[in-house]
Amino acid sequence: MFMRKLLLLSLFTTLSLVSALAQINVHGTVTNVNGTPEANANLLITAFFADSTAVFESVFTDVEGNYEAELAAPPINFMGFVQVSLVDCFGNVQTQEFLILTGNEDIEANFTYCELVLLDSCAVY
């Protein structure tokens, strides 16, 4: 009986340590229409979890157009979704959403800054 309790205690301790270390890595690249990296683009990364918690992170791209953010997942419940949003030069919000099923996720969200927009048969850059 003592061994069973000890085994259950060690199992719960291990699970709590694993869940406490859960991270969500969000990364990607922002380029313009020509494929040139876009430096200093601002992205908003939001994670919503099933236990009604949320994490917000604002990041900027480096000179090569890359960005990266580490979000901590809650220790109790990992399930939820991540939104990665970019406001381009026209004021349009580009958003990508990803489902979170486990605590350790690696999410890649790439964006094109200031895509070609057609307005009344006119090309606008």
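**Stop one: a surface leucine**

Select L99, which is exposed, with a relative accessible area of 58%. The model is a predicted one. L99 belongs to strand β6, which covers residues 93-100.

**Stop two: the disulfide**

Next, display the cysteine side chains C89 and C114. Their sulfur atoms lie 1.7 Å apart and form a disulfide; the structure holds one disulfide. C89 sits in the loop between β5 (80-87) and β6, and C114 in the loop between β8 (111-112) and β9 (117-119), so the pair ties together parts that are 25 residues apart in sequence. Are these two cysteines buried or exposed? C89 is partly exposed, at 45% relative accessible area. C114 counts as buried because its relative accessibility is 10%, and the cut-off for buried is under 20%.

**Stop three: strand β2 and its partners**

Select residues 42-49, strand β2, and then residues 54-60, strand β3. These strands run antiparallel and are joined by seven bridges. Within this pairing, L43 has V59 of β3 as its bridge partner. β2 and β3 form a hairpin with four residues between them. In the turn, select S52, which has a positive phi of about 70°.

Seven bridges join β5 to β2, and the two run antiparallel. Here, I45 has V84 in β5 as its bridge partner.

Definitions and conventions. Residues numbered from 1 in each chain as written. Predicted model: local features only at pLDDT ≥ 70, side-chain atom pairs only at ≥ 80, totals over all residues. Heavy atoms only, no water. Buried < 20%, exposed > 50% of the residue type's maximum accessible area, 1.4 Å probe, protein only. Disulfide = S-S within 2.5 Å. Pairing = 2+ DSSP bridges.
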